Each structure stands twice: as structure tokens, then as C-alpha cells.
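Work through the exercises below with the structure on screen. Try each task before you read its solution.

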2 protein chains.
Amino acid sequence: MLLDLLKLQGAQVYNDLDKGKFPQFSVPSRSVSNIVYDKKLRQYILGNAASLRSSRNMSQLRSFTQLMWLAFFANRLVHEKKSSTLRDVYYSSQAFEVEFEDQPESDNIIVDLEAVLARPREDFHIFPEERSSIFGDLTIEYTVPGYEGKRTNLSNHPDGYLIGPSLSSAELVDTSAELVIAIEKGGLFTRFIEEKVDKKFKAIIVDTAGQAPRATRYLLKRLHEQMKLPVVILTDGDVYGEHIAMVIKSGSANAAHLRELTVPDAKWMGVWASDIDKFKLPTIPMTESDIKRIYDLQKDPRYQEGIWKTELEIFLKIKRKAELEAFSKYGLTNITDKYLPQKLELSKSL
Amino acid sequence: MLLDLLKLQGAQVYNDLDKGKFPQFSVPSRSVSNIVYDKKLRQYILGNAASLRSSRNMSQLRSFTQLMWLAFFANRLVHEKKSSTLRDVYYSSQAFEVEFEDQPESDNIIVDLEAVLARPREDFHIFPEERSSIFGDLTIEYTVPGYEGKRTNLSNHPDGYLIGPSLSSAELVDTSAELVIAIEKGGLFTRFIEEKVDKKFKAIIVDTAGQAPRATRYLLKRLHEQMKLPVVILTDGDVYGEHIAMVIKSGSANAAHLRELTVPDAKWMGVWASDIDKFKLPTIPMTESDIKRIYDLQKDPRYQEGIWKTELEIFLKIKRKAELEAFSKYGLTNITDKYLPQKLELSKSL
């Protein structure tokens, strides 16, 4: 539990002081040379290198103090059950006369604390501004103050439910769903609800709103592990879409210090580069930056095999991309009536 | 009702054909010279200039056909109770071999149809991707298929409810709230919920997520007119925040063809430029573009009096700005414990 982890860090500081030693933190190094891809865990992890933040060293004293204060502040947030944002933390530091040059400096210390505790900042109640959403037959039970024990079914509001602090901390109680469909775009999320994809395919639908926020990735992981639901991902048919799926599946290099945010068994089912021709989708030419992004990803160890590799190659060959909305060329419900059933069927054999 | 308006336009086309005339549409002109500020309505409106889209004129035939098709497509969306997006419409046109060069061209025709019908596109089921959210004791009754007659209370999910097509078309049934607080940022929206601002101040809380989407402005108008609730707006203390409030109050020049989106009695209560000194808020220096924006707004007829004028002047004088999160310097609940009560009290006398 997070409070125990914080207590452990605090006890270590007291121990050092009792022994007449300068207290210090050991922070796992997040430098590129210490980030490695772990094939067994199927995600990036940190190696063994660590950097010290010692109160003995003048050049480390500043970051030691900042980290110490942040641990104190995180403890308070969790105890008082208050949520906060990266920006809030920056301003809150001023109340304690702890100096941060600017918000990037405090953001960086927050990631340091994540690395020290090996827990995402959402666990110590620091949430991002962006929110994605969810819809489907899933009953949850809240744990936030004022709502303890209350239950809601996430099919009651047909515009979907925001994935904020309350939903993130809720217990997942019950569902009749048999899979989760994560989709990149709000417009399609709404279409899927209108077309009753939740009922027709016994699905919980998640709008990732582009790159999935971490609270959403954490929820996907819980749906997969606790509710035993397979996770299928649909994105635009471009290199950014492919990578949105990859991040849900195996995280990102800059969150290599965390293990709570990946769904290694999640399947990217489209829009594949090969679907563009197969489904005769209207396309848009790639930009220079799309093409550069493909070359970048081709160096990533995760793109060395399977569809991850072949679809990148096809994108590079055709130099065109297609959006999820492109299916509307064949009618607004073409994507849910034709494309989705084919892809869900296919996902069972992959 | 929207379908009647569409029918009227269609009948006119048939009439013209019966009389052997070339059918045409008259589209209110949205050129700058035809946009005037109406002091009585307290919003921008269009003057009497109109432009023709005639099937007789080769240079107008393309836009005539596009508009005709869009009216047909809108009719179908409304009949079939399907929602759609700007991008969907662009791709859908390809199913009918109606040519649009690119999405901006179809977006523009959508605004033409808004102007012809004097109804926002949300009425013909074209919704934006972005969603903001709402929380508080408000019972709504859905009208969307599958949910007709079902009711939900918008205080049941403490992360807030998305304002999408279902909520936009729902009946507002009942509330114990006595005011609406619209706030610019998701982080503060969550804070307000956690601090029970809804209960303490009998408020419905709306997250505008920056510039309020039109569905959100329309909902604010309905809360004001149908539920008789005053609307109070809180934004960051900068020129963009001031204008977010102004747009909720009196719309924008580029929606001058619509009347459904303004709450002329809404009150911007902060963060005012004068609050920065009064509440000793930490500030950020303005950028060049902030300052340019102030000079731009000083030419706007709506910024010629009252706080709109004086606060702009103070911003220009201090050349600094403060975010809503700046109150965290005095503790995370300073904004809800101290600032908000003062401002709500003050709002009664303005």
C-alpha cells in the first residue's frame, strides 16, 4: 500500500539521522542507458543504475529537499483523500517555501517519487487534466469519501462516464461483458454506443481520446486482470494509431519505472495499413513527420516482429493513411455492422 | 422543430421546380461586413445581407448541390436518431459521390446550413469531438433511443458526466441547486466536487474544459432559462479566461447566425486581474501574444464598459497573469474555502 511505502522511506530518513548519517534517497536512473526492453514482462523496465539525492552533497541538496517535501505532500494528499494535479503541486510547494524554478522542475521530481516508490502518481492522488471515458455494463463500487459503498452501472449514462479519480479508485464489482473495445476517438465512441456495440458484442467500450491517459491504461489493465476480459484496440490507420495501441499494450520508455500501466495481451485489431486496401478506404497522404515516425519506430525493439513490423512496412510502402471515420464512406454504420464483427472474429484466432 | 425547417426548405425547392424556376438557397451572409453587435440581444447577429446558391449559376451550382445534399443528410440523421461529427459528414459525402475538396469545404457548408435554418448543427445531430462535463443535483430524463423515459441524477458519478448527445437532448427534470458554477479547468472541477461545492453552495458545477464547446453553452443556457439558475463563471486570470467568460455570455462573432448559445446574464466572477493583487496570487509574465490579444479585445464592442473594460486595462498594466491553481499556494482548499464564498457573495450584488 502506498502509505506503507511512504512510511518506509520516512523511516529510512529517521534511521539515517539517528545514526548520525546524512539522509539520502536512491532514485532509479531514468537515463536512456538504463532503460531496457524486457521480453518476458513485454514492457520497458529500468536497469539497476540509480542516482543519489543526498543531503550531504550541496549539488543534490535541492532535489533531496524537493523530493522529501513531495513525499510529505503525497502522504497528506492520500491521508486527506484529496486529489491534485501536476500544476497544483507546483503551486502548493510555494505554500511551504519549497523552491521549484518552474513546473517542469516539480513535474520531474514527481516522476522521481514514482520511480522511488515504483507506483504511478495517480496512487498518490496526482491526476492529469485529461480524461477519457467508458461505457458498458460494468457495476462499480466507489471508495471516495461520501460515496463509499455506493454502486453505479456504467451503462446508465449513454454519453459515457469520465474516468477520473473516483472511477480509478472504485472496485470493479460485476459485468456481463466478454471483452473490452478501446477506441481512439470520441466520435466513434458515441457511434458505438448508439449502435449498441456494448449489447451486440457484449463489450465495454473505452474512449482513449487519442493517446490513452494513464488512469485509462490502469483501468484497462484492471478490466483485463480482475474481470478477465480480453482487450481489443481500434485506432486510426496511421503510425500514431499503431503506437497508441502499442503504448496500451506495453507502455512507453518514459514510464519504464512503472509496472501498473500495461496490458501485454491487448490486441491491436485496426485500422491496419493492410485494411486500407482491403476495405477500400479513402486515404490521406502521409506527412514528412508521419514517415519520420515510422523510421523511428522501426528501431524500437517492439516493432521487430508480427503485425507491428509488417503493418509499419505497409504504411511505409503506401505512404497513405486512413482515419476510423473513413468507413463512413460506406454508411455511418459500416464500421459497426461490417468491419467490427470481422475484426472481433479475427481477434479470437490471433 | 428542425425537421419542419428542413421540410420547408425542401418544399421551396419543389415549388421552384413546379414553376419551372431554377431552385436556389438564400444563405445569410457571414462576411465581416454583415456581422453586427446587437446591444439589446447582447450578442453578435447577422445583418440582412444574403448570398444566393442558385442551381442556375454555374459558379454556385457546386455549393448549391452540396448544401442540398447536406440538408438531405441532416434530415436522415435526425430521422434515424444517429449522431455524427464534422469529419463523418466529410467522409459520408463520398458515399453519395458529392464532392468536397477537403474537410474545411464540408465544414463550411455545414455552417451555411446552420445559417439557413438558424439552428446549431447539434440540432441536426452533428457533434464536436470535444466534450466537457457536469456534476450536481440535477435529474435529467433521456430522449435518445433505448433510454426514453429513463432518469439519472448527475450527482451519482463523482467524476462528473460527459455532456454528449444524450445529455444535450435530455429533459431537465428537477434540481435543488440554486446556481451554476462554470469553471475552466478539469482539475478544479474535480477539486470542487471533492470539496462538496455542490452541496455547500447548492451548485451545479460545469467543467468548460477551456473554451466551452457549443453543447455546453447550450446546456448552460437551458439551465439558466428552464431551471432559472444564475450562471457564474470562473476562469484563469488572463485575457483568454476573460474571453472564455465573454463567449459563454454573449457568443462569438463566428456564431452570429445562431441565438441558442448565449447566457447574457452569466457573470464572470474571476480570476479578475484585480484579484491578482488582492489575493496575492503567484503570477506568470504575459507573453507577446497575450498582450496582442488584449489590444484586439479592446476593439470589441463588448469590452467597452464595466469589468470587461477595467479588468482588461489592469491586465495590460500589470502584464502578468495568474491561473486558478495559483490559490493552491495558500492550501488546496483555499479556492473553495475563501475565494469562492467571497465571489459568490459579491455576484449577488452585481
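This is a predicted model: local features need pLDDT of at least 70, side-chain atom pairs count only at pLDDT 80 or more; totals for chains, interfaces and linings use all residues.

**Exercise 1.** Find what covers the buried residues of helix 12 of chain A.

*Solution.* Start with the terms. Helices are DSSP runs of H or I, at least four residues, numbered from the N terminus. A residue is buried if 20 or more other C-beta atoms, placed from the backbone, lie within 10 Å of its own, exposed if 12 or fewer, and partly exposed in between. Next, list the buried residues: A:Trp308, A:Glu311, A:Leu312 and A:Phe315. They lie on the same side of helix 12 of chain A, because they cover an arc of only 105 degrees around the axis (taken from the directions from the helix axis to the C-beta atoms).

Residues are numbered from 1 along each chain as its sequence is written, while chains are lettered from A and ligands numbered from 1 in the order in which they are written.

**Exercise 2.** Which helix of chain B gives the most to the side of chain B that touches chain A?

*Solution.* First count the contacts: 42 residues of chain B meet 43 residues of chain A. Helix 3 (86–95), strand 8 (161–162; strands are E runs of at least two), helix 5 (165–168) and helix 6 (186–194) of chain B each supply at least two residues of that side. Helix 3 of chain B gives the most, with six residues.

Technical notes:
Two residues are in contact if their C-beta atoms, placed from the backbone, lie within 7 Å.
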